[in-house]
2 protein chains.
Amino acid sequence: MTQIQVVEKILSANDRIADENRAMLDAAGVFALNLMASPGAGKTSLIEQTVKHLSNRLRIGVIDGDIATSLDAERAAAAGAVSMQINTGGDCHLDAVMLHSALASFSLNDIDLLIVENVGNLICPANFRLGTHKSVLIASIPEGDDKPYKYPGIYRGVDTLVINKIDLLPYVPFDMENFQRGVEILNPGLLTFPLSCRTAEGLEPWLTWITESCS
Amino acid sequence: MTQIQVVEKILSANDRIADENRAMLDAAGVFALNLMASPGAGKTSLIEQTVKHLSNRLRIGVIDGDIATSLDAERAAAAGAVSMQINTGGDCHLDAVMLHSALASFSLNDIDLLIVENVGNLICPANFRLGTHKSVLIASIPEGDDKPYKYPGIYRGVDTLVINKIDLLPYVPFDMENFQRGVEILNPGLLTFPLSCRTAEGLEPWLTWITESCS
């Protein structure tokens, strides 16, 4: 009982800071995404492609959450984004307080779009609202078609789904119908973008959605 | 300070139960593995292949940790193992207490090898000893070659590394030298098995290692 109360207290404190983050973003006219996925599903690659194709139309900021290194922030910066790294020091997710500290040293008035790259993990990030406008989950073809059934929490909670690495469909067993049936049970009508960050196939509808969301 | 003390207390309680688990396994002459990986790297596929090839020589038990469903335990059972599912109810890792409860209802005298499939996650499982004899990490080629650098904790702590999905090397960018350099920094001389669970390429040395560890 005590443990449950402590957890509820932490989550409600997180929600309060998440609301403050949202207010800061709205005041600056910034549209923000919380990008979640398991390790290696393509979060940084999707950011690279998004920045590469949209930086002539949108001013883009990236905040990268990782337990170690600044490799992802460096990749985002190389692609042309204003980027910043949050090292969680071992924590398996970002929370609203970590994002709040990062936002405080970010020039929000100089960007239109903020992409927050969460820590690579399909479990813990789902429990912490950050205050972003949309949460996006990236599934990856080589992970297999059973992931919605096995990680229902994160599939249930997101606003948008990207299915990355569709170029690998000929080389791995992946039953798209079984995958989509699982998604539909958990999150009916979920907005979904199948694409490949490597070949750029299917990227256009994703870019259009981002652009329209920012206007 | 208080938070650190609580965390230390939890971890030392976990270690005590882990030691009890080890004593139970040793008393029954069971060799046990803690299998860890990110979602979709191939934990269940490696179990299926191991059971398929070794069940004529070894009696194999499997305990599957997942946040939801019993899909993995069903796959292990279909392959011919005595299997049991632990649903963590949302928790992002197994701990020694969860394994202890499972071991209590497992006929340890009827098996030679126990494979514990941890929850799909590269972060949290690394912090909780279970009492198994060896911890095995599965890396997967499509996850990318930067994973040792980004998830150093788990690479530092394991006894054995499996590099799965080597059949996908022609189709994805993966710099094996960069990957192995990262592993070598964190865990010099780490025993490594590159293989493909799908094509069975490279499986033989892994099976030999398992068989010799059980004898």
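Modeller: Let's go with the sheet of chain B. An open sheet is formed there by 7 strands in the order E3-E2-E4-E1-E5-E6-E7, and the pairing is parallel. Strand E3 (82–87) and strand E7 (191–194) of chain B are the edge strands, each pairing on one side only. On average, and ignoring direction, neighbouring strands of this sheet are turned by 20 degrees against each other.

Before going on, a word on the model and the labels. This is a predicted model: local features need pLDDT of at least 70, side-chain atom pairs count only at pLDDT 80 or more, and totals for chains, interfaces and linings use all residues. Residues are numbered from 1 along each chain as its sequence is written, while chains are lettered from A and ligands numbered from 1 in the order in which they are written. Helices (H or I, at least four residues) and strands (E, at least two) are DSSP runs, numbered from the N terminus. Two strands pair if DSSP finds at least two bridges between them.

Strand E2 (residues 60–66) of chain B is joined to E3(B) by 6 bridges, and the two run parallel. You can find one of these pairs for yourself: B:Val62 has B:Ser83 in E3(B) as its bridge partner. Packed on the sheet is H2(B), which touches strand E1 (31–37), E2, strand E4 (113–117), strand E5 (134–140) and strand E6 (160–164) of chain B, and its direction makes about 165 degrees with that of E4(B). (Axes are lines fitted to C-alpha atoms, for helices over the stretch in contact, and angles run from 0 to 180 degrees between N-to-C directions.)

H2(B) also has a helix partner. The axes of helix H2 (residues 43–54) and helix H3 (residues 71–79) of chain B come within 8 Å and cross at roughly 15 degrees. That makes H2(B) roughly parallel to H3(B). (Under 35 degrees counts as roughly parallel, over 145 as roughly antiparallel, 65 to 115 as roughly perpendicular and the rest as oblique.) The crossing of these two, H2(B) and H3(B), is right-handed. (Right-handed applies if the near helix is turned clockwise from the far one by less than a right angle, left-handed if anticlockwise.) On the H2(B) side, B:Thr44, B:Ile47, B:Glu48, B:Val51 and B:Lys52 meet B:Asp72, B:Arg75, B:Ala76 and B:Ala79 of H3(B). Sorted by class, this contact of H2(B) with H3(B) has 4 nonpolar, 1 polar and 4 charged residues. (Contact means that the C-beta atoms, placed from the backbone, lie within 7 Å; Ala, Val, Leu, Ile, Met, Phe, Trp, Tyr, Cys and Pro count as nonpolar, Asp, Glu, Lys and Arg as charged, and the others, Gly among them, as polar.)

H2(A) packs against helix H8 (residues 203–214) of chain A at an angle of about 70 degrees, with the axes 11 Å apart. That makes H2(A) roughly perpendicular to H8(A). Their crossing, H2(A) with H8(A), is right-handed. Here A:Gln49, A:Thr50, A:His53 and A:Leu54 in H2(A) meet A:Leu203, A:Leu207, A:Ile210 and A:Thr211 in H8(A). By class, that contact between H2(A) and H8(A) has 4 nonpolar, 4 polar and no charged residues.

How much can you trust the picture? Chain A averages a pLDDT (the predictor's confidence in each residue, from 0 to 100) of 94, and 96% of its residues score at least 70. For the complex, the predictor gives an ipTM of 0.91 and a pTM of 0.93.

Methods: Two residues are in contact if their C-beta atoms, placed from the backbone, lie within 7 Å.
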